[in-house]
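I opened a new page for this protein.

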Amino acid sequence: MAEPVRIGFDPQDPDPPESARLLAAEVVKRLTDDDRGGVLRRRRPNTNPVVRIADKHLVGQLDLRGVESPYLLEFVRCRFAEPPDLRQARLAGVEFSACWLPGLLGRNLSSDNDIRLIDDTVVCGTVELTDADVRGSLLLTGCSITSDDGAALHADRLNLAGALLAAKLEADGEVRIPGVRTGGDVSFAGALLSNPTGFALNAAGLNVGGRLHLTIDTAGIPFRAIGQVFLPNAKVESDLSLRGANLAPRSEPTDLALDDPFFDQNAALVADRCRIGGNVNLDRDFVSTGTIRVVNAAIGGSLRFTKAVIDLSQDQEPFAEQVAALPGPYPDRAVHLDGTDIRGGIDARDARFAGQVRLVDVTVQGSVLLDGSVLSNRGGDAVEGRRFSSGGNLNARDVLFFGSVLLPGSSIGANLDLRGSRMLKPGSFPDGTTKPLLDLRAARVGRDLICAAAGKGKPFSAAGELRLRRAEIGRMANFDGAQLGFGATRIALNAFGVRTQELHLLVDIPPQGRVDLRSLHCATLADNAVFWQSTGRVELEDFRYDALAEPIELTDDAAVANRLAWLRHAMRSTYRPGPYDQLAAMLRASGNEEHAANVMVEKQRLRYLALAEGSRFLGPGVRLWSWLQRVTVGYGYRPARALAWLIAFLVLGTTWYGVKPAPLIANTDDQIHWNPLLFTLDLLVPIVDFGHKNKWAVAGASQWISALLIALGWVLATTVAAGLTRMLRRTT
């Protein structure tokens, strides 16, 4: 059969034409002999001569091991029967364009110019450049490398004066570049690196003088890695960008011990202890199905996750509130940043995270933005951020949280803004008890904590406990329009020991559970009747506020009555004197003495009621004594009422003794005429002696009435005296 007609030379053809055969030894001979046989040509004057071989099938091995040659080697559309051997060689430069190679041996190669494998060059084997020294750049643009039994690219400790440019590289096998040093950028834009059982890209200790780009190329093709991207101890002078990239973790577990609770078995990106001079961009449609691990790193710019999707649910996460199936908690973290120092901010707006976001001991000097995101780890921790620190705002507006947000001991420089967010499905402690949905124990917020509505129809809602114990909030804690405590929680709001200037409790619906405001101190309180209708008790011991946001007018008796009713409902049947003392002190400080007295009268009424209920036999007597004090002297807080009773008893006593015959004289020493008015007055006023009480001796019913008037006089007169004393103390 006649041989088919060939058009040009195809280096991919495993059976090239006989006419294209060229012995590799001939190339070596022409490079090393003085007789160059016309192989050499110059591209431009004053440049190194070029050896250019095109459209050839090189038979035998191109053996340049240890050769020192001043020539640039160019192979265009060539096919090599054996891997070219450039080990320990010193060349002016080498280029393979649109070639086919079974591998490339270049260990300890030294090149004065670029090394290029470009323009759809195919390598079926390993490109070996370990310890090579290239005073130009390494270009792998459009190259395809497939290795069956080793690394696709093996370039440990490669030293590049220029850049490593591997746009659209397709590598089947590990791309191994640990310890590589470059003076310029490293770019794998649009590349596909596949090593499902290990490292897709191993760049431990990489030192990049410019940017590290694992991004979308100019044609819109994203960087893709199937297998782990391994960048521990890497140093990048500018940006590390995986913008628009797609990452998938290795499919087989590692040999590392799995008893370390901080080890991420399914990490897609590992960048522990890396040093990045600029931004780290994992945004704009960045997708990962494995953990993003950047632990104990230093980032000179910002960390960006805008519109990223990090999904460890194996495509089971709905990222929606109303769903039939509710996956989670996930065994793996979505993001692990423990101990990382970020000089800029974190921007994760409109992102999606399925798995825990771990931020323990992370320091962010700028702001953290999570607006519009979904963080899902149902039944677990959506965010674990103990001792997290942010120099600016932490904005999480209109965010959907599935799982607990734990920020105990954290420090927020400005606002912690959760406006319009929804918090669902809290995690559990090992003993089975439910964790709080938001944990801010001992946290410090420099300005405002905002758990409020974002507008009509967008309330802040939490189906679990908000735990703010001993948090310090610089200006305002705002719960206006909030919906607190749905679900199985017993505590809706735990704000024990909180310190803040303003407390806003204008909630949308009654809290569904207990509210703890013990030892909370604020300067201004804004509340409404809905808050005090909590389905659980409101704990108010040592709850102190200096003023109300809407002051009670001196004539507004209804406002005081309403507030007293709120307190009674809040504390249920339990009597606590502190809340009434606090309300009275606040009213008294604003000059509202009358209403303060009303509050104290109510306090005493409830006190005696509690005493009566606690006494089995003396209860009726305690109730009677309470009623007598209330109607006569207002428990001592109504001295004017006591004075009125004094006058009334003075009139009654004068009338009684006036209609009776003059009594017998008991003391002849005093020359006093009988006067019923002065006699009654002498009985009622216990301290002042007008001389009539000891002058006359009454008998019969008058004797008992005299004794009653003396007793009433002691009670009423001392009450009036005490009232006058308080009045004089206020005026001095």
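My entries follow, from the whole chain down to single residues.

**Ground rules.** I am working from a predicted model, where local features need pLDDT of at least 70, side-chain atom pairs count only at pLDDT 80 or more, and totals for chains, interfaces and linings use all residues. Residues are numbered from 1 along each chain as its sequence is written, and side-chain values use heavy atoms, with hydrogens and water left out.

**Whole chain.** I found eight helices and 69 strands. Helices (H or I, at least four residues) and strands (E, at least two) are DSSP runs, numbered from the N terminus. Of the 732 residues, 52% count as buried. Buried means under 20% relative accessible area, exposed over 50%, and partly exposed in between, with a 1.4 Å probe and protein chains only. I then looked at contacts, meaning heavy atoms within 4.5 Å. Among those with a separation of 6 or more, 55% come from residues 24 or more positions apart.

**Cores.** I looked up the largest nonpolar core, and it has 166 residues. Such a core is a set of buried Ala, Val, Leu, Ile, Met, Phe, Trp, Tyr and Cys residues joined through side-chain atoms within 4.5 Å. Phe 75, Phe 188, Phe 479 and Leu 517 have the most contacts inside this core. Helix α2 gives the largest share, six residues. Another core, of 11 residues, lies apart from it and includes Phe 679 and Val 698.

**Helix α2.** Does its length agree with what I should expect, or disagree? Helix α2 covers residues 557-571, and its 15 residues should span 21 Å at 1.5 Å a residue. The expected span is 1.5 Å times one less than the number of residues. The end C-alpha atoms are 22 Å apart, which agrees. I listed the buried residues of α2: Val 560, Arg 563, Leu 564, Trp 566, Leu 567, Ala 570 and Met 571. They fall within an arc of 155° seen down the axis, so they line one face of the helix. The arc is that of the directions from the helix axis to the C-beta atoms. The cover over these residues includes β65, β67, α3 and α4. Just after α2, Arg 572 takes a positive phi of about 55°.

**Leu 517 and Glu 539.** Leaving aside neighbours within four places in sequence, Leu 517 is in contact with residues including Leu 493, Phe 531, Glu 539 and Phe 543. I followed that to Glu 539, which sits in strand β66 (residues 538-539). Glu 539 is buried, at a relative accessible area of 12%. Its side chain makes a polar contact of 2.8 Å with that of Arg 537. A polar contact is a pair of N or O atoms within 3.5 Å; within protein, one must be able to donate a hydrogen and the other to accept it, and residues adjacent in sequence count only if both atoms are side-chain atoms.

**Leu 58.** This residue is in strand β4 (residues 57-59). Leu 58 is buried, with a relative accessible area of 0%. Its C-alpha atom is 4.9 Å from that of Leu 22, 36 residues apart along the chain. Not counting residues up to four places away in sequence, Leu 58 touches Phe 75 and Cys 78, among others.

**Cysteines.** How many disulfides does the structure hold? I found zero, a disulfide being a pair of cysteine sulfur atoms within 2.5 Å. For Cys 78, the nearest cysteine sulfur is that of Cys 99, 4.9 Å away. Cys 78 is buried, with a relative accessible area of 0%. Cys 143 is buried too, at 1%.
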